[in-house]
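Please find below a note prepared for a colleague who wishes to examine this model alongside its sequence.

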Amino acid sequence: MDIQSTVDLLEYCERENKTIAEAMIDQEQEKSGRTKEQIFEMMKERLLKMQNAVDQGLTDSSTAPSGISGGDAVKMKAYIEAGDVLSGSIISDAMACSMATSEGNARMGVIVATPTAGAAGILPGVLFSLKKNTNLENDDLVMGLFTASMLGYIIANRSFISGAAGGCQAEVGSATAMAAGTIVELKGGSPREAVHATAMAMKSLLGLVCDPVAGLVEVPCIKRNVIGTSIAFSSADMGLAGIESRIPCDEVIDTMYDIGKNMPRALKETALGGLAITPTGQKVKERLFSKTGLVNQLGGGKDHASNNHGQSDSSVEPIEAGRK
């Protein structure tokens, strides 16, 4: 058993009368030799680590070591508690939980990469908002993680999941797509509805570039995670309404791969394009690294970065203080 496409997945689910989460557990049992109970408990450990990251982030107003992120999750929580949110409780709570996790990543706290650290806020955002606003319990959320795992497994095997390989569409895009399908299944939708929601979420983020300021996984990464939760819920609602993606999910994933292959290197986590080379982005980079001389060593500075925009032959590599 090795599911490589959403076509394979739907055939298996419909033939065996199983959910996407159950299909993932079946595959893991076959590959690892572990029992269903062992696999479930291992995944539950991940969920609890996610919960810890969310809880810590919602009460920690400190800034990250870089000084360019931190404290916004606490602000979002206070705004929600004031009772006048525009997006409704389920989306606004997801935004807060997502921000809490991503800010924790910037502080070098413990998070669960889903599928990467740079996109680690989206799944916990939607899961713990669903727990708070519906009747779902932790065991339900664990099954949701299996749904997300299967969708991520297919995406990873057909395309990219890292910004360095395929741009932010591969990170936030993949995580948002995984979250959309997960929401559908947790709300009782069919595997087919979940796959359509996955496609619709990914379509909305095709072409998104990876342009982290100073090479840190903070700006604009944290807020892109937050926005990903909103797209995931919108896509899930369309899927649950019976709305279908006109482009099949596998073709959407393959398109993400093609776009990623053709995306300039400057827009794939190198911090040589996009928001990273705005005047403010360059000032941040110079402030963070000038004391150690790293800007000069790495060829930083506005002029250098601008000259390399869109080029593929730069020797400058991204600075990885945060984790991807």
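1. The structure under discussion is a predicted model. Every distance, area and volume quoted in this note should be read with that origin in mind.

2. Setting of R107. This residue belongs to the loop between α5 (89-106) and α6 (122-133). R107 has a relative accessible area of 18%, and because the limit for a buried residue is under 20%, R107 counts as buried. Leaving aside residues up to four places away in sequence, R107 touches D60, S61, S62, T63, A64, P65, G70 and G71.

3. Salt bridges around R107. The structure contains 13 salt bridges. In one of them the side chains of E103 and R107 meet, at 3.7 Å from N to O. Both partners, E103 and R107, are buried. A network of salt bridges links D60, E103 and R107, and D60 is also among the residues that R107 touches.

4. The R158 and D254 pair. The closest N and O atoms of this salt bridge are 2.8 Å apart. R158 sits in helix α7 (residues 138-158) and D254 in helix α12 (residues 249-262), so that the pair links distant parts of the chain, 96 residues apart. How accessible is R158? R158 is partly exposed, with a relative accessible area of 26%. D254 is likewise partly exposed, and its relative accessible area is 26%.

5. The D211 and R224 pair. Here the closest N and O atoms of the salt bridge lie 3.0 Å apart. Because D211 lies in the loop between α10 (191-203) and α11 (221-240) while R224 is in helix α11, the pair ties together parts that are 13 residues apart in sequence. D211 and R224 are both buried.

6. The largest pocket. This pocket holds about 500 Å³ of space. Its lining consists of 22 residues, and those nearest the centre are M43, R46, A113, L145 and S149. Two or more lining residues come from each of α2 (20-32), α3 (36-57) and α7. Which element gives the most to the lining of the largest pocket? The answer is α7, with seven residues. By class, the lining comprises 16 nonpolar, three polar and three charged residues.

7. The second largest pocket. About 180 Å³ of space lies in this pocket. It is lined by 13 residues, with L58, K77, D93, C97 and K132 nearest its centre. At least two lining residues are supplied by each of α3, α4 (72-81), α5 and α6. The lining of the second largest pocket divides into six nonpolar, one polar and six charged residues.

8. In soluble globular proteins, nonpolar side chains tend to be buried together. The largest nonpolar core in this model has 77 residues, and L9, I20, V126, L127, F146 and M150 have the most contacts inside it. Helix α9 (residues 168-186) provides the largest share of this core, eleven residues. Not counting residues up to four places away in sequence, F146 touches A21, M24, I25, I39, F40 and M43. M43 is also one of the residues nearest the centre of the largest pocket. A second, separate core has five residues, including V213, L216, V284 and F289.

Key
Residues numbered from 1 in each chain as written. Predicted model: local features only at pLDDT ≥ 70, side-chain atom pairs only at ≥ 80, totals over all residues. Heavy atoms only, no water. Helix = DSSP H or I, 4+ residues; strand = E, 2+ residues; numbered from the N terminus. Buried < 20%, exposed > 50% of the residue type's maximum accessible area, 1.4 Å probe, protein only. Contact = heavy atoms within 4.5 Å. Salt bridge = Lys/Arg side-chain N within 4 Å of Asp/Glu carboxyl O. 1 Å grid on protein atoms, 1.4 Å probe; cavity = no way out; pocket = protein on both sides within 12 Å on 5 of 7 lines; lining within 4 Å. Points joined across faces, edges and corners; volume = space filled by probe spheres on them. Nonpolar A, V, L, I, M, F, W, Y, C, P; charged D, E, K, R; others polar. Core = buried A, V, L, I, M, F, W, Y, C linked by side-chain atoms within 4.5 Å.
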